[in-house]
Amino acid sequence: MAKASRWNGDVISGAALAALGVFILNEARHWPYMTEEGPGPGFFPLWYGVAMIVLSLWLVLSASLRTPGKTVAGGVNWKGVGRALLVWFAFAVSVGLLKWIGFLLSFALLTVFIVVGMYGKSWRLGIGLAVVNALSFHVLFRMALSVDLPAGPLGF
Amino acid sequence: MEVLTSLMHGLGVAFQPGNLLWCFVGVFLGTVVGVMPGLGPAATIAMLLPLTFQMPPTTALIMLAGIYYGAKYGGSTTAILLNVPGESASVVTCLDGYQMARKGRAGAALGIAAISSFVAGTVGVLGLMLLAPPLAKFALSFSSPEYFALMALGLSMVVLLAGESLVKALLAMLVGLWLAGIGIDLFSDDSRFTFGMSEMLDGIDFVIVAIGVFALGEVIGNMEKRGESTLLPVPKGLRNLLPTWQELKACRFAFLNGSIIGFVIGVLPGAGSTIASFISYGVEKAVSKHPEKFGTGVPEGVAAPEGANNSETGGALVPLLTLGIPGSGTTAILLAAFVLWGLRPGPLMIQDNPELFWGLVASMYVGNIMLLVLNLPLIPVFAQILKLREYALYPVIFGISLIGVYSVSGSLFDCGLLAVFGLLGYLMRKLDYPSAPLILGLVLGDAMESALRQSLMMSQGSLSILVSRPMSATMLVLAVALLALPLFRKFNRWRVQAIEENG
């Protein structure tokens, strides 16, 4: 399904970028294009907004006109994509948790998730690595390099 | 004579104990990063950049540059032992390096790679030292129209060679320009594209985008599969790592070829070390008396690409330091580092900051020697890094990325943006959008807009100023011609083939 998926990907990403181009163009209309001194804040965005719309529509059009190819073995690995997106989601959640539980706990939880959840390793290994990682980061960054880390209510 | 005096001054800077130490840290980290497949120098420099803010700029630059050229050395180790390039520029090294290893000559292949890297790396620094000052003097005559045209030319070269689809590369560049425009307008104080959020008024920090797109995008992409590779045995002992006299003799032209081609390609924005290594390999094969043996494990097939790969670093620093134009994602991050330290690379860089420029040049000579000393006896040690499991490494990369961003602004909002750009980086990889044009668009966006608007102020709004001045007209015509080149089928076939081979 590689070619068909590429076709879909090109159409979807092209449409998204065309929408971004329209947004840029719409915003640029609110700022002066030319002032007495020269080009205004709307000048540059207007031109790259137009370029973005033209190019993305070209991408959508050329992808739509392309004949979808034959099914290719080993196309998009949706399971792999799912794994990747799950890790991204876990990372996003750990960022969201920074405010509530601080960096060290949030980082430790992310480590456990990756080691146990994504790689299927034992809880013992996951928790062990999480503790080692969190302590190492605390010693290296906060104590040795005096780098501020987001702290939770417990102060770390 | 002036160059020699300046170099002596630079050596004085490079040999300061602190600079020597950080140079060592840089080349060591670079080698480690080069050895690890899936984590490139761009991502590493982006992640570590915030941690250098407390250092003097010269020291910090010496370390970051050390990571940059050190990674080139390390990249060959996985190429030879695993048939997996540590970074894209080492793809060609796999062809003959891995075959040599399979024949039991892994030590010699690693040794040749290290020696070639040293020779070419030194030639590259020599080229940088000799070419940068006159080019900077020449660029002093540039005004806003020339700068705009130069940036347009640089971007078009990067776009041309960044990805198979020119349209996608252009779109990535436009997104970069848009991201650069977020925040308060430099000329009018209008806020643009801030979505009503006060956190966006200062714009999006380059570090967030670079770490998100390069480091997180790469790691998230790598999480798709759990690959297991077989590591060929690494010979122990220095004697087993030294190539024979015959092998060295066979490589003598390859050392020269790699050095020159790498440097010349490096000076051109966009081409990069991967293309340099491919061209150098092709030239070596073309002039060889036994071209049919290439791909079966000939030492020249390792020496030429490894040399080009390393010499390219010196070349790539020429436009960055003298014109302020980066030619790749990694040099774009180095440019951002300069800006963060309040420095502006360009024609006046050498004149205004001789200590920094000559200190960097001298440190690269020293760093190359350190790398040779490190790489020959310590290859078996570096190879152990390959045994580090992904599940142990990836959480650390996530953690460093997060700290890197938080330490710049202390803002949790920026950490959220990091997650967004991590997803963008992953999607760009999946959908074949090259990331280098986005990063370059972001880095050059502000300067490009300023140069264009200043040019139009000079001409009372007439665009003719861009084409009525010979230098800017020439560069703009070249930029347009470059973007039109893919219309020629033969050229486009070559372009696509080169990009596909680059992986």
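Student: How close do the axes of α9(B) and α19(B) come, and at what angle do they cross?
Tutor: This is a predicted model in which local features need pLDDT of at least 70, side-chain atom pairs count only at pLDDT 80 or more, and totals for chains, interfaces and linings use all residues. Residues are numbered from 1 along each chain as its sequence is written, and chains are lettered from A and ligands numbered from 1 in the order in which they are written. Axes are lines fitted to C-alpha atoms, for helices over the stretch in contact, with angles from 0 to 180 degrees between N-to-C directions. For α9(B) and α19(B), the axes come within 7 Å and cross at roughly 55°.

Student: Which orientation class does α9(B) have relative to α19(B)?
Tutor: Angles under 35 degrees count as roughly parallel, over 145 as roughly antiparallel, 65 to 115 as roughly perpendicular and the rest as oblique. The crossing is at roughly 55°. Therefore α9(B) is oblique to α19(B).

Student: How do the residues of the contact of α9(B) with α19(B) divide by class?
Tutor: Two residues are in contact if their C-beta atoms, placed from the backbone, lie within 7 Å. The residues of α9(B) include Gly212(B) and Phe214(B), and those of α19(B) include Asp414(B) and Arg429(B). Ala, Val, Leu, Ile, Met, Phe, Trp, Tyr, Cys and Pro count as nonpolar, Asp, Glu, Lys and Arg as charged, and the others, Gly among them, as polar. The division is 13 nonpolar, five polar and two charged.

Student: What is the relative orientation of α9(B) and α20(B)?
Tutor: These two helices pack at an angle of about 175°, their axes being 11 Å apart. Phe206(B), Val209(B), Ala210(B) and Val213(B) of α9(B) meet Leu438(B), Ile439(B), Leu442(B) and Val443(B) of α20(B), and by class the contact has eight nonpolar, no polar and no charged residues. From the angle, α9(B) and α20(B) are therefore roughly antiparallel.

Student: Which element gives the largest share of the side of chain B that touches chain A?
Tutor: The contact takes 46 residues from chain B and 51 residues from chain A. Elements giving two or more residues to the chain B side are α8, α9, α18, α19 and α20 of chain B. By class, this side has 28 nonpolar, nine polar and nine charged residues. The largest share, ten residues, comes from α18(B).

Student: How far apart are the C-alpha centres of domain 1 and domain 2 of chain A?
Tutor: Chain A has four helices and zero strands, where helices (H or I, at least four residues) and strands (E, at least two) are DSSP runs numbered from the N terminus. Its domain bounds come from an automatic or database domain assignment, which gives domain 1 (2–65) and domain 2 (78–144). The C-alpha centres of these domains lie 37 Å apart.

Student: Is Asp189(B) buried or exposed?
Tutor: Asp189(B) is in the loop between β1 (183–184) and β2 (191–192) of chain B, and its phi is near 70°, a positive value in a residue other than glycine. A residue is buried if 20 or more other C-beta atoms lie within 10 Å of its own, exposed if 12 or fewer, and partly exposed in between, with C-beta atoms placed from the backbone. Because Asp189(B) has 8 other C-beta atoms within 10 Å, it is exposed.
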